[in-house]
Amino acid sequence: LEIYLDGLRGVVPRYPMTFEGWEEKARAALEPSVWSYVAGGAGDEQTQRANVAAFARHGLVPRMFVGAKERDLTVSMFGMTLPSPLMMAPIGVLGLCAQDGHGDLAAARAAARSGVPMIASTLSVDPLEEVAAEFGSTPGFFQLYTPTNRDLAASLVQRAEKAGYRGIVVTLDTWITGWRPRDLSTSNFPQLRGHCLANYTSDPVFRGLLPQPPEEDMNSAVLHWAGIFGNPLTWEDLPWLRSLTSLPLIVKGLCHPEDVRRAKDGGVDGIYCSNHGGRQANGGLAALDALPGVVEAADGLPVIFDSGVRSGADVVKALALGATAVAVGRPYAYGLALGGVDGVIHVLRSLLAEADLLMAVDGYPTLADLTPEALRSVG
Ligand code: FNR
């Protein structure tokens, strides 16, 4: 309504209203190698396309005589009540998407203004303390890429606790980088230029591992980081991960019900069903197709979902398939590229407005109404 009323006064929206529009504008705004890094995925990107295509196979069945004048999108998880189930997925290249280089701060400011929580990546341009300082009253989460050095992992988590993060998301699917032809063909992997390493270069444990401070020799800091970045964790590491924090512990990248059951038995507080937006493994299942099995195995634990969400309708469908919260990656990175803080807020508000309107017109006024029975699956 706000947009149509503006239209009466001759004001047209500053930013596009669809994912395709955000993508096109972001492509024009970003340096080509950064664009490739953000937009691209693993292999020939079949999984990435499957993630998106999976949503088209489900549709909400409209219900009438519901009078869904008021909608309630609030969601409770991990002891917090959030105004909506939308979240910003961790993105490790955000700084490169922002004109001033401070994409993490911009996303955190958008979180503060929109109420949509940000999951701040380990691989940020801005140190996690500075990012947390921008969250306002919106809860923030810290995403951990677990380094091989356990003291460094513990230090990152302790810093996140001290900075006021409300949960730790451990990403399990990226201890090694997938086969990404777009990045390989430019041989331009942004992290290896020292971008996004602020959490390491500001960390006392990491600094203690270096022969010289990173300010004096960034190249050797980057090489050192590359040597300890990825830890191929096994189930034996889960008790240690659990012992790192008393905050809610959420594990990201789970798609197999058996893994979910085992993680639950190991004491995690939440499951994050994701295939990293098709950036890690190609030839796999669409993340959405894994969601129902994950939800069943989670047996009441909150399930965050991402990978392929491009619209408010997609958010609603993931909720109907059992997600507790739904995160977006590329959509808000593109929002950042096209309009900084305002661009991110525009993308988040557009997704939420479309979801809210769909729940209104189709007669599903609350999240509790969105069950698998609300969906008809085709093809
Ligand atoms: C990511 N993703 C990611 N995940 C994570 O746990 N830590 C990270 O640092 C990053 N970095 C990152 C960079 C870029 C450029 C992208 C696009 C993605 C994965 C991210 O959290 C999420 O799983 C996917 O982006 C979801 O898919 P969509 O919404 O992009 O389709």
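Me: At what angle do helix α4 (residues 46-56) and α15 pack, and how far apart are their axes?

Reply: Two packed helices are described by the angle between their axes and the distance between the axes. Here, α4 and α15 pack at an angle of about 65°, with their axes 7 Å apart. Axes are lines fitted to C-alpha atoms, for helices over the stretch in contact, and angles run from 0 to 180 degrees between N-to-C directions. Helices (H or I, at least four residues) and strands (E, at least two) are DSSP runs, numbered from the N terminus. A caution before we go on: this is a predicted model, where local features need pLDDT of at least 70, side-chain atom pairs count only at pLDDT 80 or more, and totals for chains, interfaces and linings use all residues. Residues are numbered from 1 along each chain as its sequence is written.

Me: Are α4 and α15 roughly parallel or roughly perpendicular?

Reply: Angles under 35 degrees count as roughly parallel, over 145 as roughly antiparallel, 65 to 115 as roughly perpendicular and the rest as oblique. So α4 and α15 are roughly perpendicular to each other. On the α4 side, N51, A54 and F55 meet A287, L288 and D289 of α15. By class, this contact has 4 nonpolar, 1 polar and 1 charged residues. "In contact" is meant for C-beta atoms, placed from the backbone, that lie within 7 Å.

Me: And how do α6 and α17 pack?

Reply: Helix α6 (residues 103-114) and α17 make an angle of about 10°, and their axes are 9 Å apart. They are therefore roughly parallel to each other. From α6, the residues G103, A106, A107, R109, A110, R113 and S114 meet α17 residues Y332, L336, G340, V341, V344, I345, L348 and R349. This contact divides into 9 nonpolar, 3 polar and 3 charged residues.

Me: Which residues of the shell around the ligand are closest?

Reply: The idea is to count a residue as near a molecule if its C-beta atom, placed from the backbone, lies within 6 Å of it. In this model 25 residues surround the ligand, and the closest are A89, G92, S121, G277 and G329. By class the shell has 10 nonpolar, 11 polar and 4 charged residues.

Me: Take Y145 and R279: are they buried or exposed?

Reply: A residue is buried if 20 or more other C-beta atoms lie within 10 Å of its own, exposed if 12 or fewer, and partly exposed in between, with C-beta atoms placed from the backbone. Y145 has 20 such neighbours, so Y145 counts as buried. Y145 sits in the loop between β6 (141-144) and α8 (150-163). Leaving out residues up to four places away in sequence, Y145 touches T122, L123, T171, T174 and F229. R279 is buried too, because 24 other C-beta atoms lie within 10 Å. R279 belongs to the loop between β9 (270-273) and α15 (287-298).

Me: How many residues of helix α16 are buried?

Reply: Of the 9 residues in α16 (residues 312-320), 7 are buried. They are A313, D314, V315, V316, K317, A318 and L319. Just after α16, G322 takes a positive phi of about 115°.

Me: What phi do F78 and C196 have?

Reply: Most residues other than glycine have a negative phi, and most peptide bonds are trans. F78, not a glycine, has a positive phi of about 50°. F78 lies in the loop between β2 (75-77) and β3 (80-82), and counts as partly exposed because 18 other C-beta atoms lie within 10 Å. For C196, phi is positive and near 70°. C196 is in the loop between α9 (181-186) and α10 (198-201). C196 counts as buried because of its 25 C-beta neighbours inside 10 Å.

Definitions and conventions: Nonpolar A, V, L, I, M, F, W, Y, C, P; charged D, E, K, R; others polar. Contact = placed C-beta atoms within 7 Å.
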